[in-house]
Amino acid sequence: MSQHPPDAAVFDGRAFAASLPLVPGVYRMFDADDAVLYVGKARALRNRVSSYFNATPKVARIMAMLAQVARMEVTVTRSEADALLLENQLIKSLKPRYNVLLRDDKSYPYILLTKHASPRIGLHRGPRSVPGRYFGPYPSTGAVRDTLNMMQKLFRLRSCEDSVFNNRSRPCLQYQIGRCSAPCVDLIKPDDYAESVRRATLFLEGRSDALTGELEMAMQAASEQLEFEQAARLRDLIAGIRKLQVRQFVDGRSADLDVLAVAQQGAMACVLLLAFRDGRNLGTRAFFPKTNGEENAPDVLAAFVSQYYAEQAPPSEIVLEHDIPERGLIEQALSEHAGRKVELRFNVRGERAAHVDMARRNAQLALATELTSSSAQHARLEGLRDLLGMQESPARIECFDISHTMGEATVASCVVFDAQGAVRKQYRRYNINGIEPGDDYAAMHQALQRRFRAAAEGRPDVVLPDVLLIDGGAGQLAQARDVLIDAGIQGVILVGVAKGPARKAGDETLLLPDGREVQPGAASPALQLVQQVRDEAHRFAITGHRGKRQKARTTSRLQDIAGIGPRRRAALLKHFGGLPALRAAAVDDIARVDGVNRALAERIWNSLHGLSHDADTTSAP
């Protein structure tokens, strides 16, 4: 069933929701150009759609989406599980702007067992158009090749193409080395080859326990009939399968599971899949879904599970790094889709917890690699070039940031990026001195003066940036502009990076050289590059600040005051947030700190202001 609002020009969400039934279904939101904004599912359509248009505060991403809705459609389903399946199908086909999207990847590797009189086993990629049985997908081609290598040793199935198979007159090298039974020249009976195919199928289905049971019975029967050569072959086959099982069992049993973890940075996300089949570790595969502004890791993971396993056969157990929304519903839908029980687990223990930790680490590593990969970097550079109206992509980007704690231990950082990413050898820190504590404008001015002093002096060896990012708003940007003008430097594009009201990644405002203020949004490659450079400048600045602060506190004048040990010194600095604020405090304020009485507070005040301990303290404020 589909419904349309009576007037698409002025969409009344509340009225539309009130007209909907309290049944499961899927809803779709469209903009004025009839492009799909969002696809969602509901247990009760009226309640779910109404929730978008009530007075409850919503996140910025949802508000931006609702502002564009011109009409909606709904489709009623038999159950909530059917709604989940339909939602995933529509997300894949329509690619809505505000859904988390699992990027379509046709390169999943499978093992193919063809449908021939003498089936061939081999690696397969792309559309599953070849008749036969497909096993997978596997995390990598390496995992497929390892499995095929074992299969050929154990079951001796052919791997040659039909054109080769149909024109053989004598067995090939694979037969000579014991990796094929040569059905091409009838060195194995068709029934025996079919039995090898059946056993290989059991193995690929993860039923090696049942397979070894069958083989043990067959070996016993061969021995009783005095067919000792056949019994020996079966013994070797059993030994080969058990060798794999002993080495690769999980938690002491043959496991059939996937482990999923997610890592996020800004608008980028990575879902890492670690796969086990029949206890064998098949390795990992990294996925990079398009988050479209979704910042909640469990929501990203839930979207991945729904979409990925709607297309791929799920294992009996899926272990998750986080609990996910509607886990029970997704579990029910996957079980119905697979025709068997599929269990979603989180908060696991033992070896599974170790696997989750390994998946988490690999997700973080894969995301870091993706963020710094040449292709991603190139796309971001092109995005920044287009945003700034440059003729060529910037070859050198520098970013300045200031870090301090209530004016204490102020440090400025300068990080450098080129077309390949961070150039850490050219990073610089500047210890800021001689300014009013907490004056970020003066700190930025001093750091930039020191950076461009050599250029102002006319030294020809000075390398200037194409783009200079300033972490801050209009005030910091004005300081940078004044320094460049005073130094006579031209051709450097200045961009201010101001945090959004909620200080969330993706909400930043960029202050451009022509006076415009733009918010590219979390999906913008240009902003992703700016975030990456800015975050690195912040990390580098705060690391230097903490080191300088610790050194200053360790050697502060507090340790020279009688009655001030490490515990009281830490309490004082924590209470006031640093030495400058403590120095500015009155005696009465110092005396309010736990463990500090009036007499000790006076000694502290006198010491910090250069007075002797026995001086008249009546002048102290």
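**Cysteines, core and sheets of a predicted model**

C180 is buried, its relative accessible area being 8%; buried means under 20% relative accessible area, exposed over 50% and partly exposed in between, with a 1.4 Å probe and protein chains only. This is a predicted model, in which local features need pLDDT of at least 70 and side-chain atom pairs count only at pLDDT 80 or more, while totals for chains, interfaces and linings use all residues. Residues are numbered from 1 along each chain as its sequence is written, and side-chain values use heavy atoms, with hydrogens and water left out.

The closest cysteine sulfur to that of C180 belongs to C172, and at 5.6 Å it is too far for a bond. A disulfide is a covalent bond between the sulfur atoms of two cysteines. Here the term is applied to a pair of cysteine sulfur atoms within 2.5 Å, and the structure holds 0 disulfides. C270 is also buried, with a relative accessible area of 0%.

The next topic is the core. A nonpolar core is a set of buried Ala, Val, Leu, Ile, Met, Phe, Trp, Tyr and Cys residues joined through side-chain atoms within 4.5 Å. The largest one has 55 residues, and F155 and L260 have the most contacts inside it. Helix α11 (residues 297-311) supplies the largest share of this core, 8 residues. Helices (H or I, at least four residues) and strands (E, at least two) are DSSP runs, numbered from the N terminus. Leaving aside residues up to four places away in sequence, L260 touches residues including V271, L273, L301, F304, I318 and L320, where contact means heavy atoms within 4.5 Å.

An open sheet of 5 strands has the order β9-β8-β7-β10-β11 and mixed pairing; two strands pair if DSSP finds at least two bridges between them. Its edge strands, β9 (280-287) and β11 (343-346), each pair on one side only. The twist averages 20 degrees from one strand to the next; axes are lines fitted to C-alpha atoms, for helices over the stretch in contact, and angles run from 0 to 180 degrees between N-to-C directions. Strands β7 (residues 257-265) and β8 (residues 268-277) run antiparallel and are joined by 9 bridges. L260 stands opposite L273 in β8. Helix α11 packs on the sheet, touching β7, β8, β9, β10 (317-320) and β11, and its direction makes about 135 degrees with that of β7. Helix α12 (residues 327-338) packs on the sheet too, touching β10 and β11 at about 145 degrees to the direction of β11.

A310 lies in helix α11 and counts as buried at 19% relative accessibility. Apart from residues up to four places away in sequence, A310 touches N88, V305 and H337. Between A310 and A333 there are 9.0 Å from C-alpha to C-alpha, at a sequence separation of 23 residues.

Another open sheet has 3 strands in the order β5-β4-β6, with antiparallel pairing. The edge strands are β5 (121-124) and β6 (132-135), each pairing on one side only. Strand β4 (residues 110-114) pairs with β5 over 4 bridges, and Y110 has H124 in β5 as its bridge partner. Helix α5 (residues 141-155) lies across β4 and β5, running at about 180 degrees to β5.

Finally, the axes of helix α8 (residues 190-204) and helix α9 (residues 208-224) come within 7 Å and cross at roughly 145 degrees. Residues in the contact include R198 and L202 of α8 and L211 and E214 of α9.
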